[in-house]
Amino acid sequence: MVKTYLLSSFSSSMVAEPNYSAEHTELTEDEFNELKTEAVAVIRNPAFARLLRVPVCRKYIQLREGDIALVVGTDGGKLRYDAKSLPPELSLTFEKIEIKGAAV
């Protein structure tokens with residue numbers, strides 16, 4: 001079953017397949033917001049959870065072929081864990097990572 005996850009970070013260790021390829025696509029905020037409505041939120045950073053209005057979730061996930069990771073990040077610095085809003089010097093970035101079949 002293909003799943004879409006909302007994440008505040010992405011690591012290759014999250015992917016179950018040992019050799020895989022991934023398609024990375026930058027998203028606009030509107031595109032991200034539209035796609036995130038169907039996503040399972042796995043946000044470990046409490047500041048990102050507050051900004052996205054989702055609960056903090058520290059569970060471990062394994063992405064499989066076909067799964068999609070919607071990743072929110074920052075440009076201009078790191079978001080402090082205690083932040084209640086986005087500081088003016090930072091902006092959010094949005095990316096869609098689709099796990100493809102095994103890489104050759």
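F94 has a relative accessibility of 9% and therefore counts as buried, the term for under 20% relative accessible area, with exposed meaning over 50% and partly exposed in between (1.4 Å probe, protein chains only). F32, at 0% relative accessibility, counts as buried too. The model is predicted, so local features need pLDDT of at least 70 and side-chain atom pairs count only at pLDDT 80 or more, while totals for chains, interfaces and linings use all residues. Residues are numbered from 1 along each chain as its sequence is written, and side-chain values use heavy atoms, with hydrogens and water left out.

The search of the whole structure finds one aromatic pair. F32 and F94 form this pair, which is tilted, with 4.6 Å centre to centre and 40° between the planes. Rings of Phe, Tyr and Trp (its six-membered ring) pair if their centres lie within 6.5 Å; planes under 30 degrees apart are stacked, those over 60 are edge-to-face, and the rest are tilted. Because F32 lies in helix 1 and F94 in strand 5, the pair ties together parts that are 62 residues apart in sequence. Helices (H or I, at least four residues) and strands (E, at least two) are DSSP runs, numbered from the N terminus.

The five strands form an open sheet in the order 2-5-4-1-3, with mixed pairing. The edges are strand 2 (22-26) and strand 3 (40-42), each of which pairs on one side only. Neighbouring strands are turned by 25° against each other on average, direction ignored. Axes here are lines fitted to C-alpha atoms, for helices over the stretch in contact, and angles run from 0 to 180 degrees between N-to-C directions. Helix 1 (residues 29-36) packs on the sheet and touches strand 1, strand 2, strand 4 and strand 5 (91-99). The direction of helix 1 makes about 140° with that of strand 4. Contact means heavy atoms within 4.5 Å.

| Strands | Sense | Bridges | Example of opposite residues |
|---|---|---|---|
| 1 and 4 | parallel | four | Y5 and A69 |

Strand 1 covers residues 4-7 and strand 4 covers residues 68-75. In a regular strand the side chains alternate between the two faces of the sheet.

S8 sits in the loop between strand 1 and strand 2. With a relative accessible area of 17%, S8 is buried. Leaving aside neighbours within four places in sequence, S8 is in contact with V42, I43, R44, N45, F48, V71 and V72.

The protein chain as a whole has two helices and five strands, which run β-β-α-β-α-β-β from the N terminus on. Its radius of gyration is 14 Å, close to the 13 Å that the globule rule gives for 104 residues, so the chain is as compact as a globular protein of that length. That radius is taken over C-alpha atoms, and the rule is 2.2 Å times the number of residues to the power 0.38. Along the principal axes, the C-alpha atoms fill a box of roughly 45 × 25 × 25 Å. Buried residues make up 34% of the 104 residues. Among contacts between residues at least 6 apart in sequence, 73% join residues at least 24 apart.

Conventions. Pairing = 2+ DSSP bridges.
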